Amino acid sequence: MVNTALELQLNAPDAGNSTLFVPTTIADSAVWELYFRFDFDPSNGNRLRLWKVELQRLADETGLEVCVCHFPPGTSKWNKIEHRLFSFISRNWRARPLVSLETIVSLIAATTTRAGLKVYARLDPGDYPAKVKVSDAELKAVNLHGDEFHPEWNYTIKPRHTER
């Protein structure tokens with residue numbers, strides 16, 4: 001939501017006081033969107049079903065449209081982030097024993113490219129339930145709008161209720 005100080009503010013319980021300052025006047029009719037580009041193959045598996053339901057929850061809580069674009073199957077080699085970072089990460093942990101998750105995360109986090117790009121990494125200590133089932137009714141309730149170009153890879157999930 002956009003607060004009275006014209007800042008984009010997350011409304012989710014775990015969001016804390018996250019804000020994004022927007023140095024301009026925003027019209028009341030402005031529409032904000034989140035845009036994600038992913039490097040995994042969408043399928044009709046349970047993880048993707050849960051993913052879409054949780055993105056719907058994010059859209060509902062923030063009032064934002066969530067635009068999702070997946071790289072097509074077999075094209076992860078075109079992912080610019082992989083090309084810009086993975087070789088540096090691999091060099092950074094070369095010949096070091098990867099004995100714990102903390103070691104791996106600290107080696108990734110200590111990575112910097114020649115151009116000055118720095119990696120931020122942290123271990124997520126969250127405990128996530130396994131084998132979460134998403135019913136057909138829950139999936140059908142997702143306000144999903146497929147793009148004209150490959151709607152199975154590119155879609156927008158719009159909030160079900162907009163409050164301003």
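**Notebook: salt bridges, core and loops**

I began with Glu61, which counts as partly exposed at 25% relative accessibility; by the cut-offs I used, buried means under 20% relative accessible area, exposed over 50%, and partly exposed in between, with a 1.4 Å probe and protein chains only. The model is predicted, so I noted that local features need pLDDT of at least 70 and side-chain atom pairs count only at pLDDT 80 or more, while totals for chains, interfaces and linings use all residues. Residues are numbered from 1 along each chain as its sequence is written, and side-chain values use heavy atoms, with hydrogens and water left out.

**Entry on the overall fold**

I found four helices and six strands in the protein, where helices (H or I, at least four residues) and strands (E, at least two) are DSSP runs numbered from the N terminus. Read along the sequence, these elements follow the pattern β-β-β-α-β-α-α-α-β-β. Of the 164 residues, 25% count as buried. I also looked up contacts, meaning heavy atoms within 4.5 Å: among those between residues at least 6 apart in sequence, 59% join residues at least 24 apart. The protein exposes about 12,000 Å², of which carbon and sulfur atoms supply 56%; accessible areas come from the Shrake-Rupley method with a 1.4 Å probe, and for residues the protein chains shown are what counts as cover.

**Entry on salt bridges**

How many salt bridges does the structure hold? I noted four of them, a salt bridge being a side-chain nitrogen of Lys or Arg within 4 Å of a carboxyl oxygen of Asp or Glu. Side chains of opposite charge can pair when their charged atoms come close.

In helix H1, the side chain of Arg57 meets that of Glu54 in a salt bridge (2.8 Å, N to O), and the two residues are three apart, about one turn of the helix. Arg57 also meets Glu61 through a salt bridge (3.3 Å, N to O), and this pair, also within H1, is four residues apart, again about one turn. I therefore wrote down Glu54, Arg57 and Glu61 as a network linked by salt bridges, with Arg57 partly exposed at 44% relative accessible area and Glu54 partly exposed at 34%.

Another salt bridge joins the side chains of Arg49 and Asp136 (2.7 Å, N to O). This pair links distant parts of the chain, since Arg49 is in helix H1 and Asp136 in helix H4, 87 residues apart. Arg49 counts as buried, at 13% relative accessibility, whereas Asp136 counts as exposed, at 60%.

**Entry on the core**

Which residues make up the largest nonpolar core? I listed ten: Leu48, Val53, Leu55, Ala59, Val66, Val68, Val134, Val142, Tyr155 and Ile157. A nonpolar core here is a set of buried Ala, Val, Leu, Ile, Met, Phe, Trp, Tyr and Cys residues joined through side-chain atoms within 4.5 Å.

**Entry on two loop residues**

I checked phi for Lys131 and noted a value near 55 degrees, which is positive in a residue other than glycine. Lys131 is found in the loop between helix H3 (101-109) and helix H4 (136-140), and Lys131 is exposed, with a relative accessible area of 75%. For His150, also a residue other than glycine, phi is positive too, near 50 degrees. His150 lies in the loop between strand E5 (144-146) and E6, and His150 is partly exposed, at 29% relative accessible area.
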